[in-house]
Amino acid sequence: MSHRPSSGLAAVSTALLAMSRHLEVRDVLKTIVASARDLLDAEYAALGVPDDHGGFAQFVVDGVSDAQWKAIGPLPRQHGILAAMLREAKVERLADVRKDPRFEGWPSAHPDMSDFLGLPIKDGDEVMGALFLANKRCPKPDGGCGFTEDDEELLGILAQHAAIALTNARLYERSRELTIAEERSRLAHELHDAVSQKLFSLRLTAQAAAALVDRDPGRAKGELQQVAELAAEAADELRAAVVELRPAALDEDGLVNTLRTQIQVLDRAHTAKVTFDTCGVRALPAAQEEALLRVAQEALHNALRHSGADRVDVVLVRRGQGALLSVTDDGKGFEPRTVRRAGRHLGLVSMRDRAGGVGGTLSVASAPGKGTTIEMEVPGG
């Protein structure tokens, strides 16, 4: 590598550092593809992670717009050049991919590609994915490939580090899945205990009401009112648990659509009016989107369960390269001087921890009879 200019070494360093900054698999894949395309000055880049059924579990592209990608259609299958890279685990450098005997064509909306450089990403003997680039931005020799042996060497180095980054990301996600499973188990136990207690009290109160109906209708009416209140509390426990236990479809739907769907459900489930508004929000790293979602859920839970609000407004807007979340209710509020006690009760400590964990900030504004506003801001990725 000593013969390459220092700018090339700097570009490799930048690409490797970018990969090391992310822990989510999807973020790592996108960073690998963008780094490879930038490093080798290609028009298009893609990375496919194979599944066990002849297709791709994940397929990330760079250089293709969202509209183009949607028009192209379903994810590709493992055939042609892609299958060869996965099966034979060797580099493919072609002057014109369209003239290769293994080429099987593209969908009608697929961009036209000529020179091609691809190689597998491997962890030992395991092929983790196929990384390829097309249409190098440079003068092409007659009948030759724009990608050079030096490009092949650079991409090989990037692929080695990509394998490490992907392995680390997979380990992180597995550890997080275990944590989520433990949290779901804890929530299930809490749900069982809370609802069981409510139902037990409800049964006893109903029995007392039944015994009083004939001899003391007034007291029986009071007991029946208590039954209604206990039933409402049990329903609230169930609604809150459903929101917590429901897996967030962030990978498939994104933060905005996931929030919109959950808020629509809450609006139908509660007497309070729950609204959602958004403007200009870009996709954020997965950890930041999850933190924003969880804080929104916690703030909504507090507003709907504890504040007595008639209206809760959720707003998510772009703030620089990041985003600002605001959850405002017109409920009873609380005295800021008692925020330490309220913080424990309303989960403000955990919300601040979630915000701080992704480099963000959280602020709370409230006053007795004036409602509460919780704001969380996160920087761009």
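In what follows, a residue is buried when its relative accessible area is under 20%, exposed when it is over 50%, and partly exposed in between, using a 1.4 Å probe and protein chains only. The model here is predicted, so local features need pLDDT of at least 70 and side-chain atom pairs count only at pLDDT 80 or more, while totals for chains, interfaces and linings use all residues. Residues are numbered from 1 along each chain as its sequence is written, and side-chain values use heavy atoms, with hydrogens and water left out.

**The aromatic cluster**

Let's start with the rings. Rings of Phe, Tyr and Trp (for Trp, its six-membered ring) pair if their centres lie within 6.5 Å; planes under 30 degrees apart are called stacked, over 60 edge-to-face, and the rest tilted. Searching the whole structure turns up five aromatic pairs. One of them joins F56 and F59 edge-to-face, with 5.3 Å centre to centre and 70 degrees between the planes. F56 counts as buried because its relative accessibility is 6%, and F59 is buried too, at 8%. F59 also pairs with F132, this time tilted, at 6.3 Å centre to centre and 50 degrees between the planes. Put together, F56, F59, W69, F116 and F132 make up one aromatic cluster.

A word on the element names: helices (H or I, at least four residues) and strands (E, at least two) are DSSP runs, numbered from the N terminus.

**The second largest pocket**

F132 turns up again in the second largest pocket, where P76, L82, W106, H110 and F132 are the lining residues nearest the centre, out of 31 in the lining. On a 1 Å grid over the protein atoms alone, a pocket is an open set of points with protein on both sides within 12 Å along at least five of seven lines, whereas a cavity is a set where a 1.4 Å probe fits but cannot get out; lining residues have an atom within 4 Å of a point. The space in this pocket comes to about 530 Å³. Volume here is the space filled by probe spheres set on the points, and grid points are joined across faces, edges and corners.

Which elements each supply at least two residues of the lining? They are β1 (42-50), β2 (56-62), α3 (66-72), α4 (80-88) and β5 (126-136). By class, the lining has 23 nonpolar, four polar and four charged residues. Nonpolar covers Ala, Val, Leu, Ile, Met, Phe, Trp, Tyr, Cys and Pro; charged covers Asp, Glu, Lys and Arg; the others, Gly among them, are polar.

The expected span of a helix is 1.5 Å times one less than its number of residues.

| Helix | Residues | Length | First to last C-alpha | Expected span |
|---|---|---|---|---|
| α2 | 25-40 | 16 residues | 23 Å | 22 Å |
| α8 | 286-306 | 21 residues | 30 Å | 30 Å |

In α2, 12 of the 16 residues are buried, so the helix is largely enclosed by the rest of the structure. Among those buried residues are V25, L29, I32 and V33, along with D27 and R37. α8 is mostly covered as well, with 15 of its 21 residues buried. G308 follows α8 and has a positive phi near 70 degrees.

**Backbone spots and loops**

What follows α2? The answer is D41, with a positive phi near 55 degrees, even though D41 is not a glycine. D41 belongs to the loop between α2 and β1 and is partly exposed, at 34% relative accessible area. N135, in strand β5, is another residue other than glycine with a positive phi, near 60 degrees. N135 counts as buried because its relative accessibility is 11%.

G63 is in the loop between β2 and α3 and is partly exposed, at 32%. Its C-alpha lies 6.1 Å from that of E43, which is 20 residues away along the chain. Further on, A210 in helix α5 (residues 149-212) is exposed, at 55%.

**Cysteines**

How many disulfides (pairs of cysteine sulfur atoms within 2.5 Å) does the structure hold? It holds zero. C138 is partly exposed, with a relative accessible area of 27%, whereas C279 is exposed, at 53%.

Notes. A disulfide is a pair of cysteine sulfur atoms within 2.5 Å.
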